Amino acid sequence: MGNSSSSDSDSDYSPAYVPPPSPLTSNPWRTTPEWNKEFESSLRKDIKAIEPPFKPNIVLVGPVGAGKSSYINATLSVAKGHKVDMAYTESGSKSCTTSYDRYTDKTLLQNFRLIDCMGLEQSTEEGFNVADMVSLLKGHIKNGYQFNPRSPISSENKDHWHVNPTFEDHIHCVVFVVDANVMHIGIPPAYVGKIRQIQDAVKRLRVPRVLILTKADELCYTVRDDNTNMFRSVKVKEAVKTASEVFRIPEASIHPVTNYEDADAIEISWKRNIPLLIALRQITQYTNDRIEALNDSD
Ligand SMILES: Nc1nc2c(ncn2[C@@H]2O[C@H](COP(=O)(O)OP(=O)(O)OP(=O)(O)O)[C@@H](O)[C@H]2O)c(=O)[nH]1
Ligand SMILES: [Mg+2]
């Protein structure tokens, strides 16, 4: 009796599937100085040296579960040198982040603010309401606002509507955040439509934009095993190219990263920090350039 079931389970046994290694290009497809601790600290220095005349606002937008809050935690982790878990993260089909929340710190982000937002959903009645985008960009939304997917904010909201925002209350850079794996599978058209609508508003107001591709560790196991393979991974390169075509953002403004979210993400490592810092340096430079350009045109 018991024999047959034991022999069945023996014959069913098979080792866990190990995917073949993902291919690497012979030369990096994105040129950087050699990756080491010196390069990491020069990136930190570059970012700290950017001193806009006030603290600009950088907002993160993208599909639900893309890794917006995780990117904020990863950036704060790089800043503080230990794993940070300030912005709530969760895997699920509903947006974990439901309010407009600002983050900063006293080191790397001392001159900037990152703003977390509700995620976009495919349905028109769920998730971040694209009709809120212009109010957001023009600085009408106050910290702590609870997004309402069914109805955009208006001047009737006494607690969270900023009546007379100045340029300092505006959004000075928009960071689109997308899961790199989705670029491979194909991003649902509903998301592309909503992101394009947001991009139109961003473009009209001439706000600079950058795109972060998260979860490079899940997309490419060669990157998961050694993050220094990021700019040699064929899969990551393809994801950057596809994202550029889909979202019409230049490849050089698209940054693949691995956030501090997987089971091994306890210690902060310079290898993981480098792509996060490269992204943050460009975001802060674009933000500062925009403010300088406006000040010069006055
Ligand atoms: N392996 C891995 N997991 C990640 C990475 N970034 C985010 N995650 C996971 O993806 C899930 C969603 O991440 P969140 O940061 O909550 O995503 P979000 O964009 O803020 O989502 P909403 O607030 O719901 O719109 C969480 O389970 C994270 O742990 C990454 O780079 N690598
Ligand atoms: Mg979130």
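**Entry 1. Salt bridges**

I began with the charged side chains and found that the structure holds ten salt bridges. I note that the model is a predicted one. One pair I looked up is Lys94 and Glu121, whose side chains meet in a salt bridge with an N to O distance of 3.0 Å. I then checked where these two residues lie, and the pair links distant parts of the chain, 27 residues apart. Lys94 belongs to the loop between H3 and strand E2 (101-103). Glu121 belongs to the loop between strand E3 (113-116) and helix H4 (133-137).

**Entry 2. Surroundings of ligand 1**

I turned next to ligand 1 and counted 22 residues around it. The closest are Lys68, Ser70, Cys96, Asn259 and Glu261. Sorted by class, I recorded eleven polar, seven charged and four nonpolar residues in this shell.

**Entry 3. Polar contacts of ligand 1**

I looked up individual distances to oxygen atoms of the ligand. For Lys68, an N or O atom of the side chain is 2.7 Å from a ligand 1 oxygen. For Lys215, a polar side-chain atom lies 3.1 Å from an oxygen of ligand 1.

**Entry 4. Pocket and contributing elements**

I asked which pocket ligand 1 takes up. The elements that give two or more residues to the shell around ligand 1 are helix H3 (68-80) and helix H7 (216-219). I recorded H3 as the element that gives the most, with three residues.

Conventions: Residues are numbered from 1 along each chain as its sequence is written. Chains are lettered from A and ligands numbered from 1 in the order in which they are written. This is a predicted model: local features need pLDDT of at least 70, side-chain atom pairs count only at pLDDT 80 or more; totals for chains, interfaces and linings use all residues. Side-chain values use heavy atoms; hydrogens and water are left out. A residue is near a molecule or strand if one of its heavy atoms lies within 4 Å of it. A polar contact is a pair of N or O atoms within 3.5 Å; within protein, one must be able to donate a hydrogen and the other to accept it, and residues adjacent in sequence count only if both atoms are side-chain atoms. On a 1 Å grid over the protein atoms alone, a cavity is a set of points where a 1.4 Å probe fits but cannot get out, and a pocket is an open set with protein on both sides within 12 Å along at least five of seven lines; lining residues have an atom within 4 Å of a point. A molecule sits in a cavity or pocket if more than half of its atoms lie within 2 Å of its grid points. Helices (H or I, at least four residues) and strands (E, at least two) are DSSP runs, numbered from the N terminus. Ala, Val, Leu, Ile, Met, Phe, Trp, Tyr, Cys and Pro count as nonpolar, Asp, Glu, Lys and Arg as charged, and the others, Gly among them, as polar. A salt bridge is a side-chain nitrogen of Lys or Arg within 4 Å of a carboxyl oxygen of Asp or Glu.
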